[in-house]
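Let us take a walk through a protein model together, one piece at a time. Keep the picture open beside the text and look up each residue as we come to it.

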Amino acid sequence: MGSCSPGEVSVVRSSLVLLLLPTLAACGDKDGDSGTTDGGARDSGSTSSPDDTGTGSDGTDTTGGDTGHTLAPVRFVDADGDGWGGAEAAPDALDAVDRDGDCDDTDPAVHPGATEACNGIDDDCDGELDPDELMVSAFVDADGDGHGAGGPIRACPDATGHAPDACDCDDGDPLASTDPLTCPAAACPDGGGAFLQPVCEAPRAVDLSAGLELTDDAVLTLCAGDHPFTLTVDADRVAVRGEGAPVDDTPGTTWRGTPALEIVRADAAVLLSDLYIGGASYSTSSVESRTGLLVDARAGGVELALQRVDLGASNATIHNISFVHLDGDLTLVDSTVRDLRASVGSSYSNSCTFRGVVVTGDLTATGSTLRDFSASCSGWSHSALAEQTATAIDIGGDAVLDDVTVSGHDLRAASSGNAAYTVGAVLSVGGDLTATDLSVVDNTLTSEMSCYDYWCYRGVTGATVQVDGSVDWSGGSLTGSVLSPVGTMYATGEWVDTVDTVPLRWWGTSEATLALSGVDLGDAHDPDVGGAVEADGSGVTDLSCTVDGCD
């Protein structure tokens with residue numbers, strides 16, 4: 001080849017450059033930069049496709065920042081206004097923020113950096129719910145009464161469905177918790193026995209052979225069988241529960257004692273349920289008094305309740321006796337009080353006092369029966385005098401009775417000598433009597449004489465029902481009362497009788513009223529009502545009276 005002139009060389013160089021440009025563009029950046037070979041910006045003359053956004057696949061800017069096409073940073077929706085976002089926001093969103101990580105963008109109290117509370121929520125969005133150091137020991141409260149049961153668990157303070165103690169005696173009943181009067185009986189094993197369950201403790205077997213004194217609130221369960229012991233209550237609230245009173249050939253819970261129950265704590269509340277309690281007995285030849293032979297509760301302000309209880313079948317040979325003495329209030333529900341019997345018989349004169357049930361406060365009874373109390377005070381000699389003061393049921397306050405029967409009581413003084421006198425009542429109420437379907441039937445208040453002299457004196461004073469306050473009695477009956485002396489004359493003498501008796505004695509005050517509605521008074525007595533007023537109820541079932549008279 002011949003030599004080239006300078007002009008020809010210049011043309012050749014330009015041609016080579018044009019030929020190499022496509023090759024250089026294809027080679028690209030050798031050190032991994034976006035379109036540069038030396039870490040600088042891409043040449044403004046570089047080619048790009050029409051849809052090139054200037055952003056790499058990883059979201060980084062590929063323009064080098066010097067072309068005037070910088071992209072906006074990614075922002076996040078802050079729906080709850082707490083400064084932290086959740087989902088990625090649109091470019092033109094007005095509620096967007098730079099920080100993300102909000103795990104609940106509907107709650108402004110939940111976001112990264114928030115104070116963690118024990119509430120079942122991940123407050124600080126760190127993926128952990130309720131750290132253990134914020135929890136407390138608690139117990140499941142299935143019935144929502146504020147007391148739990150079972151073993152301890154970890155839970156937030158005041159968490160719903162949990163309680164700070166395991167004192168619930170029945171976690172399936174919101175009405176039963178730590179009050180023994182609401183707690184059920186313990187489960188009785190096949191071998192029976194007795195079980196004591198103090199508050200916040202499990203039931204445990206207890207030996208009753210030496211009696212039992214309770215100084216803490218508790219439930220005592222008496223399984224089916226015979227339990228001869230005396231229970232002394234020196235606690236605020238105690239329940240004694242059995243497996244039902246024996247009926248015919250059906251075994252049940254029998255509790256016997258003299259007394260069976262003694263309450264020495266003032267204002268105590270005691271519940272007896274589903275058992276038979278009785279079997280008290282006492283005998284003496286001397287002149288003595290005994291108070292509360294079966295139930296003695298003279299501490300004051302006591303509340304005693306019987307539910308499905310058979311109480312009674314007790315006997316005494318003594319001059320002065322009460323079988324149940326309660327300084328407080330008595331409630332009977334579907335219960336029976338029966339067969340409380342006292343007698344005195346001797347060869348000399350006798351003076352006796354009998355009270356079967358004494359309640360200084362109020363009596364409330366539903367679906368219950370009080371029956372077959374008897375008191376006999378006898379003197380057997382030519383000149384003997386027998387005097388009996390007797391009240392089968394003596395209520396100092398008000399009596400509210402619904403579907404109650406009072407029947408078969410026999411109160412009498414008896415003598416073969418000079419005289420026999422009986423003073424008393426079958427049912428005496430010191431306050432108001434409110435009754436629905438009350439039947440007082442077949443009761444006896446009498447004096448009995450066997451006369452061997454020329455003159456024999458007999459006296460009966462009292463009533464079947466005696467009320468000091470108002471009477472509101474609807475439905476039932478007051479019939480079959482024997483209120484006169486009886487006897488046999490063995491000489492040629494005469495009876496000298498003093499009788500002042502009526503079926504209903506009402507001592508109403510100036511503010512008191514008497515109202516009988518649908519009450520059968522029978523036709524054996526005239527008057528049927530005495531005291532503040534007198535009225536004959538023969539053929540009459542409705543009667544309305546004030547102290548000024550009856551309509």
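Two strands are said to pair if DSSP finds at least two bridges between them. Keep in mind as well that this is a predicted model. With that in hand, find strand E3, which covers residues 136-140, and its neighbour E4: the two pair in the antiparallel sense, over 4 bridges. In general, the strands of a sheet pair through backbone hydrogen bonds, either parallel or antiparallel.

Now widen the view. E3 and E4 belong to an open sheet of 3 strands, in the order E4-E3-E5, with antiparallel pairing. Which strands stand at the edges? They are E4 (149-155) and E5 (162-163); each has a single partner strand, so one side of each is left without a neighbour in the sheet.

Strand E18 (residues 320-333) runs parallel to strand E21 (residues 363-371), and 4 bridges join them. Here Leu-332 has Ala-365 in E21 as its bridge partner. E21 is also joined to strand E24 (residues 399-407) by 8 bridges, and these two run parallel as well. In this second pairing, Thr-369 stands opposite Thr-405 in E24.

Next, let us turn to the cysteines. A disulfide is a covalent bond between the sulfur atoms of two cysteines. How many disulfides does a search of the whole structure find? The search finds 6, and we will visit some of them.

Start with Cys-103 and Cys-125, which are joined by a disulfide with an S to S distance of 2.1 Å. The torsion about their S-S bond is about -85 degrees, so this disulfide is left-handed. Both cysteines lie in the loop between strand E2 (96-97) and E3, so the pair ties together parts that are 22 residues apart in sequence. Cys-103 has a relative accessible area of 46%, so this residue counts as partly exposed.

Cys-118 and Cys-156 form another disulfide, with their sulfur atoms 2.2 Å apart. This link is left-handed, with -85 degrees about the S-S bond. Cys-118 lies in the loop between E2 and E3, while Cys-156 lies in the loop between E4 and E5, so the pair ties together parts that are 38 residues apart in sequence. Are these two cysteines buried or exposed? Cys-118 is buried, and so is Cys-156.

For a link with the other handedness, go to Cys-545 and Cys-550: with 105 degrees about the S-S bond, their link is right-handed. Their sulfur atoms are 1.9 Å apart. Cys-545 is buried, with a relative accessible area of 2%, whereas Cys-550 is partly exposed at 29%.

Our last stop is Leu-275, in strand E15 (residues 269-278). Its relative accessible area is 0%, and buried means under 20%, so Leu-275 is buried. Which residues does Leu-275 touch, not counting those up to four places away in sequence? Among them are Leu-222, Val-240, Ala-245, Trp-255 and Val-309. Asp-310 is also one of the residues that Leu-275 touches. Leu-275 and Asp-310 are 35 residues apart along the chain, and their C-alpha atoms are separated by 6.5 Å.

Key: Residues numbered from 1 in each chain as written. Predicted model: local features only at pLDDT ≥ 70, side-chain atom pairs only at ≥ 80, totals over all residues. Heavy atoms only, no water. Disulfide = S-S within 2.5 Å. Buried < 20%, exposed > 50% of the residue type's maximum accessible area, 1.4 Å probe, protein only. Contact = heavy atoms within 4.5 Å.
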